[in-house]
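Here's a quick tour of a structure with several chains. Have a look at it first, then read on.

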Amino acid sequence: MAIPDISIADAPTAADVTRAPRRFRRAVLGNRKALVGGVILVVMAFVAAFPGLVAPDDPQAAIYAQNAGPSSAHLLGTTMLGQDVFSQLIWSTRLTLIVTLVVTAIATFLSTIIGVTSAYVGGITDRVLTVLIDVFLILPVLPLLILLAAYLPPGVTSLVIVLCITSWAFQARQLRSQGLSIRNRDFLVAARARGERGIYVILVEIVPTMTSLIAASFLSLAVYVVGFAASLQFLGLGNSSELMWGTMLYNAQQAAALEAGNAWWALAPGAAVALLGTGFALLNYAFDEIGNPALRPVRRRRGRRSA
Amino acid sequence: MADALLEVHGLTVDYLTESADVRAVDRVSFTVEPGEFLGVVGESGCGKSTLLFGVAQLLSPPGEVVGGEVIFRGRDMVRLSQGELRHMRWRDYSVVMQSAMNALNPMKSIGAQFKDTLEGHGSPSTEQIRERSAEVMTMVGIDPEHLKSYPHQLSGGMRQRAMIAMALLYTPQLVIMDEPTSALDVVAQRSLMTKIKELQRSLGFAVIFVTHDMSVVSRYSDRVLVMYAGQIAEAARTDTIFERPLHPYTRGLMNAFPSVTGPRRELVGIPGAPPDLARLPSGCRFHPRCSEVMPVCMSREPELYTVGDVAVRCLLYTEQAKEAV
Amino acid sequence: MADDLHLHEADEPLLTAVDLSRHFRLGGMFSKQVLHAVDDFNLTIKEREIVALVGESGSGKSTVARLLARIYAPTRGEIYYRGRPLHRLRSRKDLLWYRGEVAIVFQDPFSAFNPVFRVSHGVMRNLALHRTDLNAVQRREEAERVCEGVGLSSKMLERFPYEMSGGERQRIGFAQALAVRPKLILADEPVSMLDVSIRIGVLNMMANLRDQEGVSLLYITHDLASARYVADRIVVMYAGHQVEAGPTDTVLTGPKHPYTQLLLSAVADPRSKDEDISADSGEPPRVINPSEGCRFRWRCPYAIEKCSQVTPELRSLGSSQVACHVATSKPEDVSDSAGTASVTNR
């Protein structure tokens, strides 16, 4: 086989393989959707870190007028027990965000390790792990929940466990595909040929080349987890005394808030969940561009040089 | 003197990227006579493939022709519309790409693709399609039975031959080829080139042949264009350039090919590497690698000087060029 | 250094491959299609020599490299390194020892490096795994030394792969191999993807490695001319079989196997006849479930009946070896003392 024509279009340009953080920053700043998503998340993080600055009232103090509508004193009204809805919303941000991030991190970690190992080791291991992934993908969640609800105490810990079990397989197939596509790249063969152990190759040589994909997986999964966590709590898996948006929804439902005319109590946490999910989803657009150069806008420069 | 078939004047092609505009082809001019075999030689980044696309009007963004003209049968192709170009394509000139697997549709049989091509550029009857398809297949040495085959069923060499057959469907006057042999093994390469030359002699079409392989050029072409970093470094008749290469780059290239026959001697090659077109050296683009570099080469860009019947872009020849005038 | 089971004598070959075969099953677990990439391959490499393994695509040459580098295990046959059979190397320590003796350089300078790391990564890892006698500072120095040994400034180590040209990357590939102080480097088409003007530099560097560092090289290529330029001996492969082997000049001035002759005429002087070549439009076959007999017989102008019945074996003919019934039959047809077979006289 003689040389293929290596024209300038083929050689990797600096733009293609710039260091990940710089590329990411450029992609986010250059992409409006990603920028909006980023802003939303930054605001959420701030609110989670300093809730007292935004809502000085104690969220659990049941001292105000009950079922009051929005007013200057209570931006979103009060609950049936007389708690400030706005305060509850703000103070719930922290736990909601923490749970989301922890679950997503654990699940992404699991799906990366299992997906990549499956692709890299191949053979029987691959078959077994693929079956495992498929089983967890099609696991009927609700019957599992009912089962677990009978044994697990309601609360954040159970929530995290259930969420991890049901969401790790989400991205495992995709990461496995990516692993399959690079497993025969020369630099990996070279690593084995110089005597590196399998674990080393997976963790040090393969995973770092997949950071964009892993980050994109993380964000996709986060969108899912945010919504699913809230749903589970709404169904009663959470502990109603914990401060999370999902438990707010549960409490509002229990108190028949909508029927009682207290729409804000029921809708505000739902809107917050949607907003957080949207933040993650929008930020993910930055990775579309990084992952697929064909999607990058061709930015024409104004004015041409004369020939 | 017959009229030239193709005249390229000052063709310039830029790639407009978000970080910088890169000039892939810089004011290239040459002519092609009817029936002539012109070899365009160069290494990576020299712009030879871009030149080819520019001439054939096949550039797509971010590549764009930003200057010059390509006059084929009296008409400037750069200024023609897509519709007018479509008329010319395949009837007046055709293109053979580097990799048949990229150019052929894997889902259609060879015969079906011939039919598409024939119908795309004319209105032949079913009988004419069948006849002509079989005719071109025989011309390139493939049994017409293979019209029913799919590309993956043919070997690499046969696929390339099928590509050439397809290019000859309307017997164009000019066939442009982009390294059609580089993906083939050495024996298949030789066999294909022989066939191309045979066809050229019998059908009389001109060929512009882009390659990195000097030996192909030496054996088959009438004239040679040596390209470096987007410019023509040297242009001359094949025997002239091989007997007495003028440009230090051409000389370096000649010296970089070990041979299977003749005495074994130590070769030197050319130190360094072809430049990044976004970061060209000052003055002559070749000066960082040149064994005969002079101080003036670092600041002054050479023009294309005519020395006898050779065009060479090198400051070593400014005096000779003046004398000749 | 691991104890050898056999004593290594001064003129004992470095590496010997005996009847090496590698097959791949095509399709699923129950498929009956078996691809014979390499069959009954024999090779000897001595110290301080460059052996060129020449063949077209599908000839099995890259598979041989990977077998010798223990990236694949052989389906049959054995490899002896310094007298030790490789299948006896079981423990991680033994395997690591072998990998420190025999290193491989890959063809594609664009995919041979992990784009996430600087190019020093591969060199330093090799040193960490195989040169445990060095401390951290010494490893750094050694990395710089091998870098300069391949003609690059040590500053190159800090670059990322995309910041380097193909030729520079290929040299770093050799530096990586040198870092383990190998006795043998398996170079799998190291210059095929490089620009012509850069190839000679890398080839010269390889010859230098043999002369200065005393390293043997197995140079795998499809290009006879570059094989002639650097190699002491040439081995020609076709469709998984070895067809001819011998000293470079002997094989190239007087090729005995019809395939070698075909290859040679495809690259030789402009003055040779073109017609012979245009008649051959065949290509190397993919060898799936092959039958007995010579695999070149369909393209061979001299094939006789025996060629489709009995697979020819490598036999000595003069100073080289040929696997061809026609070339090694009928001694009375031999025209001159160099042992040129009747194939050239028809």
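Predicted model: local features only at pLDDT ≥ 70, side-chain atom pairs only at ≥ 80, totals over all residues.

Residues are numbered from 1 along each chain as its sequence is written, while chains are lettered from A and ligands numbered from 1 in the order in which they are written.

**Two helices in chain A**
- Helix α2 (residues 32–49) and helix α4 (residues 85–121) of chain A have axes (lines fitted to C-alpha atoms over the stretch in contact, with angles from 0 to 180 degrees between N-to-C directions) that come within 7 Å and cross at roughly 105°.
- So α2(A) is roughly perpendicular to α4(A), a label for angles of 65 to 115 degrees.
- Met44(A), Val47(A) and Ala48(A) of α2(A) meet Ile90(A), Thr93(A), Arg94(A) and Leu97(A) of α4(A); residues are in contact if their C-beta atoms, placed from the backbone, lie within 7 Å.

**Chain C**
- Chain C has 11 helices and 12 strands, which are DSSP runs: H or I of at least four residues for helices, E of at least two for strands, numbered from the N terminus.
- Of its 346 residues, 49% are buried (20 or more other C-beta atoms within 10 Å of a residue's own, with C-beta atoms placed from the backbone).

**Where chains B and C touch**
- Chain B brings 32 residues to the contact and chain C brings 33.
- On the chain B side, α7(B) gives the most, with 7 residues.

Terms used
Parallel < 35°, antiparallel > 145°, perpendicular 65-115°, else oblique. Contact = placed C-beta atoms within 7 Å. Buried ≥ 20, exposed ≤ 12 C-beta atoms within 10 Å, placed from the backbone.
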